[in-house]
Amino acid sequence: MKTRCTNYITLECLSRSANEAFARGAVACFAAQLDPTLEELGDIKTAVSEAVTNAIVHAYPDTLGRIVLKARVLEGGVLEISVRDWGRGIADVEQARQPLFTTGGEERSGMGFTIMESFMDDLTVRSVQGKGTRVTMRRRIKPRRTGS
């Protein structure tokens with residue numbers, strides 16, 4: 001059963017570290033239409049930051065490349081975010097999803113996927129070596145009661 005999309009945005013940028021903050025802010029502004037709490041908004045921003053940073057650092061370690069971020073509002077107050085690159089891909093997705101595993105050197109924590117999983121309701125990672133990676137995350141924003 002396919003969930004109906006009620007609104008969406010698409011953002012394309014180069015894999016420059018300066019664009020991570022822009023992507024995080026753009027998704028936060030887009031998510032605001034769902035009236036998230038500050039905690040929910042912080043979780044979403046952190047997950048987006050991790051996904052975009054992974055694309056910058058791991059997909060294109062020695063070159064600039066293309067990153068496409070899509071955010072959709074689905075029926076039922078679900079925010080879906082996908083971050084796609086056309087970089088080198090992940091050799092072993094299950095291994096990459098393990099806490100503390102990294103291919104990024106000593107300065108990387110290896111916690112990106114773990115953080116994304118802990119802040120979102122659902123995380124899917126699809127990757128093909130030499131062709132790139134798509135990370136898709138979903139988070140349901142609970143409606144808040146208003147009035148007296």
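## Ground rules

The model is predicted, so local features need pLDDT of at least 70 and side-chain atom pairs count only at pLDDT 80 or more, while totals for chains, interfaces and linings use all residues. Residues are numbered from 1 along each chain as its sequence is written, and side-chain values use heavy atoms, with hydrogens and water left out.

## The overall picture

Let's start with the whole chain. The protein chain has four helices and five strands, where helices (H or I, at least four residues) and strands (E, at least two) are DSSP runs numbered from the N terminus. Follow the sequence along and you get the pattern β-α-α-β-β-α-α-β-β.

How much of the protein chain do buried residues make up? They come to 43% of its 148 residues; buried means under 20% relative accessible area, exposed over 50%, and partly exposed in between (1.4 Å probe, protein chains only). Now for contacts, meaning heavy atoms within 4.5 Å. Of the contacts in the protein chain with a separation of 6 or more, 64% are between residues 24 or more positions apart.

## Two helix pairs

Two packed helices are described by the angle between their axes and the distance between the axes. Axes here are lines fitted to C-alpha atoms, for helices over the stretch in contact, and angles run from 0 to 180 degrees between N-to-C directions.

Take helix α2 (residues 38-59) and helix α4 (residues 112-119): they pack at about 155°, with axes 9 Å apart. α2 and α4 are therefore roughly antiparallel to each other (angles under 35 degrees count as roughly parallel, over 145 as roughly antiparallel, 65 to 115 as roughly perpendicular and the rest as oblique). On the α2 side, the contact involves Asp-43, Thr-46, Ala-47, Glu-50, Ala-51 and Asn-54, and α4 brings Gly-112, Phe-113, Ile-115, Met-116 and Phe-119.

Helix α2 also packs with α1, at an angle of about 145° and with the axes 9 Å apart. Among the residues that meet are Ala-23, Val-27 and Ala-28 in α1, and Ile-44, Val-48 and Val-52 in α2.

## Two residues in strand β3

Glu-80 sits in strand β3 (residues 78-85). Is Glu-80 buried or exposed? Glu-80 is buried, because its relative accessible area is 12%. Its side chain makes a polar contact of 2.8 Å with the side chain of Arg-138. A polar contact is a pair of N or O atoms within 3.5 Å; within protein, one must be able to donate a hydrogen and the other to accept it, and residues adjacent in sequence count only if both atoms are side-chain atoms. Beyond four places in sequence, the contacts of Glu-80 include Lys-70, Leu-74 and Thr-136.

Val-83 is in strand β3 too, and Val-83 is buried, with a relative accessible area of 4%. Which residues does Val-83 contact, leaving aside neighbours within four places in sequence? They are Ala-51, Val-52, Ile-67, Val-68, Leu-69, Thr-133, Arg-134 and Val-135.

## A serine in a loop

Where is Ser-15 found? Ser-15 belongs to the loop between β1 (5-14) and α1 (18-31). Ser-15 is buried, with a relative accessible area of 6%. Its side chain reaches the backbone nitrogen of Gly-65 at 2.8 Å. Not counting residues up to four places away in sequence, Ser-15 touches Ile-56, Tyr-60, Thr-63, Leu-64, Gly-65 and Ile-67.
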